[in-house]
Amino acid sequence: MNSRERSSLLKQSHTLGPRVWVGKNGLTDAVIDAVDSLVEKQELMKIKFVDCKDSKKEIMEKISEKTGVSVVKIIGNVAVVYRQAKDPDKRKVFP
């Protein structure tokens, strides 16, 4: 992902609210499943870190490995992630 794409994704993410919250249990299978299913539908989404703020970078690396999402940026306790839809007809962000 180049800087123009990253900038465009960040602009588009301003109006989005967090869709997945990572709480006191940290990274669980439920969090991974939620990210995987939601990013398939939306392509671009936010993940909020509630309790495990110190390990958010490590958690995002694991989420990225397991779901194939690209981390656009981590801003404070919120991560913006993107994964292009496999079906060209369902692509919303970069059709």
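1. Basis. The model is predicted, so that local features need pLDDT of at least 70 and side-chain atom pairs count only at pLDDT 80 or more, while totals for chains, interfaces and linings use all residues. Residues are numbered from 1 along each chain as its sequence is written, and side-chain values use heavy atoms, with hydrogens and water left out.

2. Sheet order. An open sheet of 4 strands runs in the order E1-E2-E4-E3 with mixed pairing, where strands (E, at least two residues) and helices (H or I, at least four) are DSSP runs numbered from the N terminus, and two strands pair if DSSP finds at least two bridges between them. Strand E1 (18-22) and E3 stand at the edges with a single partner strand each, so one side of each is left without a neighbour in the sheet. From one strand to the next the twist averages 25 degrees, with axes being lines fitted to C-alpha atoms, for helices over the stretch in contact, and angles running from 0 to 180 degrees between N-to-C directions.

3. E1 and E2 pair in the parallel sense over 4 bridges, and the bridge partner of Val20 in E2 is Ile47. Helix H2 (residues 29-42) packs on the sheet and touches E1, E2 and E4, its direction making about 165 degrees with that of E1; contact here means heavy atoms within 4.5 Å. Helix H3 (residues 56-67) also packs on the sheet, touching E1, E2, E3 and E4, and its direction makes about 140 degrees with that of E2.

4. Strand E4. 5 of the 5 residues of E4 (residues 78-82) are buried, so this strand is largely enclosed by the rest of the structure; buried means under 20% relative accessible area, exposed over 50%, and partly exposed in between (1.4 Å probe, protein chains only). Val78, Val80 and Tyr82 point one way from E4, whereas Ala79 and Val81 point the other way.

5. Antiparallel partners of E4. Strand E2 (residues 44-49) pairs with E4 in the antiparallel sense over 5 bridges, and Met45 has Val81 as its bridge partner in E4. Strand E3 (residues 70-75) likewise pairs with E4 in the antiparallel sense over 5 bridges, with Ala79 as the bridge partner of Ile74. E3 and E4 form a hairpin with 2 residues between them, and Gly76 in the turn has a positive phi of about 60 degrees.

6. Gln84. This residue lies in the segment after E4 and is partly exposed, with a relative accessible area of 36%. Leaving aside residues up to four places away in sequence, Gln84 touches Glu43, Arg91 and Phe94.
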